[in-house]
Structure formats: structure tokens, C-alpha cells
Amino acid sequence: MAPKAWTNLAAAGLIVAAVLAPYRARAIEVKKDLYNNSGPAGPSAAGPAKENPIPKAAAQQLSDTIASESDSYLSDESEKKSSGKPYVDLEHAAFKYLPTMKGGHWTVIAKLQAPEYTPSKSGEGKGKPTGKQKSLVFNYRLDGSKWTEVEQPKWEDVDTGGTAAAQK
């Protein structure tokens with residue numbers, strides 16, 4: 001009777017394994033599908049973020065262009081600080097940009113976002129934060145291999161949620 005019990009137990013084990021094997025295989029397929037980049041784009045899309053659509057050389061050129069253009073704004077904010085007026089700390093600004101395709105050209109809205117401070121009376125350190133955030137907004141279009149300014153840079157107030165609240 002013992003050999004027949006082992007046979008029945010082995011048969012039951014094979015049946016359970018046969019039933020569970022497709023379930024496990026399907027789980028692997030689902031997992032692979034989570035990282036598929038062919039679905040919809042945006043924050044609700046599954047998988048890793050899409051690659052930057054602008055070529056690296058053009059992105060570096062844009063970064064250099066914005067850096068050189070923002071120098072005058074950096075000097076203005078430094079002058080405000082030294083004269084005791086509220087200023088924006090552009091030296092430690094967060095850089096964000098949003099590329100979009102318009103009329104066959106890449107258009108980029110780039111923002112340098114930083115907190116506003118009231119300088120200390122001694123002139124040392126950053127001073128006291130006002131609680132406001134401001135963004136310096138640049139708008140460029142890629143024409144061939146050159147970035148062209150679409151409009152003059154402008155300041156925007158930023159609400160606590162990180163979106164532009166009002167233009168200055």
C-alpha cells in the first residue's frame with residue numbers, strides 16, 4: 001500500500017505544479033510589461049521616464065545660453081541684496097525646463113526657481129526668507145542648430161504648489 005500512496009502523492013504534486021506554473025509565468029509577463037515604454041506618456045504612465053527628446057549637444061548649448069543670459073539677472077539680485085532690498089537667490093536656483101514641439105521646431109520654456117530673501121542688516125549670509133518663491137522664465141526655440149529667444153525673460157511668482165501664480 002505504501003508504493004501506491006507515494007504514487008498518489010506524486011501525482012497530486014504534479015497536478016498542483018501544473019496548475020501553479022502558468023500562474024507564475026503570467027506574473028513574469030505582467031512584470032515585464034510594467035516597464036514597457038510604448039504606452040501613454042505622462043505622470044500616469046507605467047515604466048521609466050521617457051528620454052529627453054532634445055539632443056545632448058543642443059541641450060548643453062541651451063544650458064550655456066541660459067547661464068550667460070542669467071548673469072545680468074544674477075548681478076541685479078546681488079545688487080538688491082547689497083542695498084538691503086528683498087532679493088531672489090539665483091545662485092542656488094533649481095533649473096527646470098519643458099520642451100515642446102511647435103510648428104516643426106523645438107520650443108523650450110526654462111525656469112530658474114529660487115526663494116526670495118530679505119538680507120540681514122549685517123550683510124552676512126542669505127538673510128531671512130520671505131516665504132515667496134520666484135521663477136525667472138526663459139522661452140527659446142531651436143532653429144536648426146541655434147537657440148533663438150522667443151520672448152524676453154520674465155519673473156513669475158510661484159505658489160507653494162510649485163506652479164506660476166502671477167507674473168511680474
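Biologist: Why is aspartate 157 called partly exposed?

Modeller: Its relative accessible area is 26%. Partly exposed covers the range between under 20% for buried and over 50% for exposed, so aspartate 157 belongs in that middle class. Bear in mind that this is a predicted model.

Biologist: And what makes lysine 134 buried?

Modeller: Lysine 134 has a relative accessible area of 7%. The cut-off for buried is under 20%, so lysine 134 counts as buried. You will find this lysine in strand S4, residues 128-143.

Biologist: How do you know that aspartate 157 and lysine 134 meet in a salt bridge?

Modeller: The distance between them, N to O, is 2.8 Å. A salt bridge needs a side-chain nitrogen of Lys or Arg within 4 Å of a carboxyl oxygen of Asp or Glu, so the pair of aspartate 157 and lysine 134 qualifies. The pair links distant parts of the chain, with aspartate 157 in strand S5 and lysine 134 in strand S4, 23 residues apart.

Biologist: What makes the link between lysine 134 and aspartate 157 a polar contact as well?

Modeller: The side chains are joined at 2.8 Å.

Biologist: Are glutamate 156 and lysine 111 buried or partly exposed, and how do you know?

Modeller: Glutamate 156 has 8% relative accessibility, so this residue counts as buried. Lysine 111 has 24%, so this residue counts as partly exposed.

Biologist: What makes lysine 154 and glutamate 151 a salt bridge?

Modeller: The closest N and O atoms are 3.5 Å apart. The limit is 4 Å, so lysine 154 and glutamate 151 form a salt bridge. Lysine 154 is partly exposed at 24%, and glutamate 151 is partly exposed at 36%.

Biologist: How do you know that S1 and S3 pair?

Modeller: Two bridges join S1 to S3. Pairing takes at least two bridges, so S1 and S3 count as paired. They run antiparallel, and valine 88 stands opposite glutamate 116 in S3.

Biologist: Which other strands are joined to S3?

Modeller: Strand S2 (residues 94-102) is joined to S3 by nine bridges, running antiparallel. Alanine 94 stands opposite glutamine 113 in S3. S2 and S3 form a hairpin with two residues between them, and glycine 103 in the turn has a positive phi of about 55°. S3 is also joined to S4, by 11 bridges and again antiparallel, with tyrosine 117 opposite proline 129 in S4.

Biologist: Which elements have the lowest and highest mean pLDDT?

Modeller: Helix H1 (residues 2-34) has the lowest, 50, and strand S1 (residues 87-88) the highest, 95. Over residues 22-45, pLDDT stays under 50. The chain averages 76, with 63% of the residues scoring at least 70.

Terms used
Residues are numbered from 1 along each chain as its sequence is written. This is a predicted model: local features need pLDDT of at least 70, side-chain atom pairs count only at pLDDT 80 or more; totals for chains, interfaces and linings use all residues. Side-chain values use heavy atoms; hydrogens and water are left out. pLDDT is the predictor's confidence in each residue, from 0 to 100. Helices (H or I, at least four residues) and strands (E, at least two) are DSSP runs, numbered from the N terminus. Contact means heavy atoms within 4.5 Å. Buried means under 20% relative accessible area, exposed over 50%, partly exposed in between (1.4 Å probe, protein chains only). A polar contact is a pair of N or O atoms within 3.5 Å; within protein, one must be able to donate a hydrogen and the other to accept it, and residues adjacent in sequence count only if both atoms are side-chain atoms.
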